[in-house]
Structures are given as C-alpha cells and as structure tokens.
Amino acid sequence: MRTIGAYSGCCFVREGEITVKIIEKKSNILYNIEHKNRDHGSHGTGQGVVQMKALLTIDDVPEKVHREVTDYLLEKGIPAVFFAIGQSAETNRESIIYALQNGFHVGNHTYTHANLGELTYEEAIAEIEKCEAVIDSLYQEAGVERTYKFFRFPYLSKGNETREALQNY
C-alpha cells in the first residue's frame with residue numbers, strides 16, 4: 001500500500017500573497033495548478049511562479065454533513081479523496097456509497113482513528129487492514145471498481161520505533 005503524505009511537496013508560506021489557479025484538470029482527482037507567491041516566490045527562493053499538482057483531501061469521514069459536502073463538491077465540479085475512519089464508515093455506509101457512486105475516492109484513515117505512534121506494529125497493521133476490509137466492502141456495495149488505494153496516518157503520526165516498518169508496509 002502506498003502512502004500519500006499529507007504535506008508531501010507542499011510549500012509552507014507564513015506571510016505574503018499567494019495566488020493559486022487551476023491550469024488543467026488532469027483526471028477525476030488531480031489538478032495541475034500554478035502557485036505564485038509575490039513576496040517569497042517559488043518555495044521561498046525569490047519572486048516567481050511554480051507549477052505543481054494538487055489533490056483535495058478530506059479527513060475523518062463520514063460525518064453528519066458528509067452528504068452535503070459531497071453534493072457541494074459535485075455541484076462545483078471539485079474532485080476529492082475522502083479519508084474514512086472505518087468504524088464510522090461501517091455505521092454510516094450510505095453517505096460513503098453515495099460519494100463513491102458519484103465519482104469520489106475513499107481512502108483509509110484507520111479503523112478507529114488511532115494514533116499509530118502509540119501502537120505496536122501489529123496493532124497498527126490490524127487498524128489499517130480492518131479499515132481496508134470496510135472500504136473494500138463499500139466499493140463492492142456501491143458497484144464501483146477500486147482503482148486507487150490511499151492511506152493517511154491519523155494525526156500525521158507515522159509511528160514511533162515502528163515508523164520504518166509502517167512506511168514500508
């Protein structure tokens with residue numbers, strides 16, 4: 001399973017004016033964007049423009065407003081990946097299935113939203129695999145092929161002494 005990092009390749013800017021515009025919709029989940037930072041330039045190296053790819057992700061779904069969020073994104077033509085907590089997804093299957101049937105992707109955010117840095121390797125893998133089973137069943141029930149497997153660590157905690165093993169899982 002490949003981990004898609006929450007902040008991989010991002011440019012953090014604390015001051016100045018930032019402009020982002022969509023250049024091209026590359027697929028049903030990926031945009032090419034242009035990022036211009038007047039004061040700090042491309043990645044803080046001076047004034048400039050850099051092109052990058054952007055992917056909208058939403059964590060901790062489903063929530064009470066998940067259907068409304070899905071409808072809003074559909075209305076605006078904004079693709080996204082929803083990172084689901086398996087336990088919540090099991091009890092709120094309808095909203096996830098609705099999102100899947102409307103072209104959104106669902107990724108793994110562990111079964112209970114556990115902080116993997118506080119678990120053993122075996123406990124962490126169990127959290128991930130239990131959520132995977134829930135997500136697979138949701139895709140199947142929705143009648144949608146699962147073309148991508150996304151994972152995001154809750155709390156961005158990539159493990160303690162298990163970090164390397166989890167990164168390679």
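Student: What does Lys 130 lie over?
Tutor: In this predicted model, Lys 130 lies over the face of Tyr 111, at 4.2 Å from the ring centre.

Student: And Arg 67, which ring does its charged end sit over?
Tutor: The ring of Tyr 98, with the charged end of Arg 67 at 3.5 Å from the ring centre.

Student: OK, on to salt bridges. How many does the structure hold?
Tutor: Six salt bridges. One of them joins Glu 141 to Arg 93, and there the closest N and O atoms are 2.9 Å apart. Glu 141 belongs to helix H4 and Arg 93 to helix H3, so this pair ties together parts 48 residues apart in sequence.

Student: Is Glu 141 buried, exposed or something in between?
Tutor: Glu 141 counts as partly exposed, because its relative accessibility is 49%.

Student: Which residues are linked in a network of salt bridges?
Tutor: Glu 132, Asp 136, Arg 146 and Lys 149. Lys 149 is in the loop between H4 and helix H5 (163-168) while Glu 132 is in helix H4, so the pair ties together parts 17 residues apart in sequence.

Student: Glu 132, then: buried or exposed?
Tutor: Buried, because Glu 132 has a relative accessible area of 7%, and the cut-off for buried is under 20%.

Student: What about Lys 76, what does it form a salt bridge with?
Tutor: With Glu 75, the closest N and O atoms being 3.9 Å apart. Lys 76 is partly exposed at 46% relative accessibility, and Glu 75 is exposed, with a relative accessible area of 62%.

Student: Switching to aromatics. How many aromatic pairs are there?
Tutor: Three. Take Phe 82 and Phe 104: the ring centres are 5.2 Å apart and the planes are at 50°, so that pair is tilted. Phe 82 is in strand E5 and Phe 104 is in the loop between H3 and E6, 22 residues apart, which makes this a link between distant parts of the chain.

Student: How accessible are Phe 82 and Phe 104?
Tutor: Phe 82 is buried, with a relative accessible area of 0%. Phe 104 also counts as buried, at 5% relative accessibility.

Student: And what sort of pair do Phe 151 and Phe 153 form?
Tutor: An edge-to-face one, with 4.9 Å centre to centre and 80° between the planes. Phe 151 is buried, with a relative accessible area of 2%, and Phe 153 is buried with 4%.

Student: How does strand E4 run against E5?
Tutor: Parallel, with three bridges joining E4 (residues 57-61) to E5. In E5, Phe 82 is the bridge partner of Ile 58.

Student: Now the largest nonpolar core. Which residues touch the most other members?
Tutor: Ile 96, Leu 100, Val 106 and Leu 138, out of 19 residues in that core. Strand E5 (81-84), helix H3 (93-101) and helix H4 (121-142) each supply at least two residues. The largest share, six residues, comes from H4.

Student: What is Leu 100 in contact with, leaving aside neighbours within four places in sequence?
Tutor: Val 106, Leu 138, Tyr 139, Ala 142 and Val 144.

Student: Last one: where is Leu 119 placed?
Tutor: In the loop between strand E6 (105-108) and H4. Leu 119 counts as buried, because its relative accessibility is 19% and the cut-off for buried is under 20%.

Student: What does Leu 119 touch, not counting residues up to four places away in sequence?
Tutor: Ala 114, Ala 124, Glu 127, Asn 160 and Thr 162. Leu 119 and Thr 162 are 43 residues apart in sequence, and 8.6 Å apart in space, C-alpha to C-alpha.

Notes
Residues are numbered from 1 along each chain as its sequence is written. This is a predicted model: local features need pLDDT of at least 70, side-chain atom pairs count only at pLDDT 80 or more; totals for chains, interfaces and linings use all residues. Side-chain values use heavy atoms; hydrogens and water are left out. A nonpolar core is a set of buried Ala, Val, Leu, Ile, Met, Phe, Trp, Tyr and Cys residues joined through side-chain atoms within 4.5 Å. Buried means under 20% relative accessible area, exposed over 50%, partly exposed in between (1.4 Å probe, protein chains only). Helices (H or I, at least four residues) and strands (E, at least two) are DSSP runs, numbered from the N terminus. Contact means heavy atoms within 4.5 Å. A salt bridge is a side-chain nitrogen of Lys or Arg within 4 Å of a carboxyl oxygen of Asp or Glu. Rings of Phe, Tyr and Trp (its six-membered ring) pair if their centres lie within 6.5 Å; planes under 30 degrees apart count as stacked, over 60 as edge-to-face and the rest as tilted. A charge sits over a ring if NZ of Lys or CZ of Arg is within 6 Å of the ring centre and within 35 degrees of the ring normal. Two strands pair if DSSP finds at least two bridges between them.
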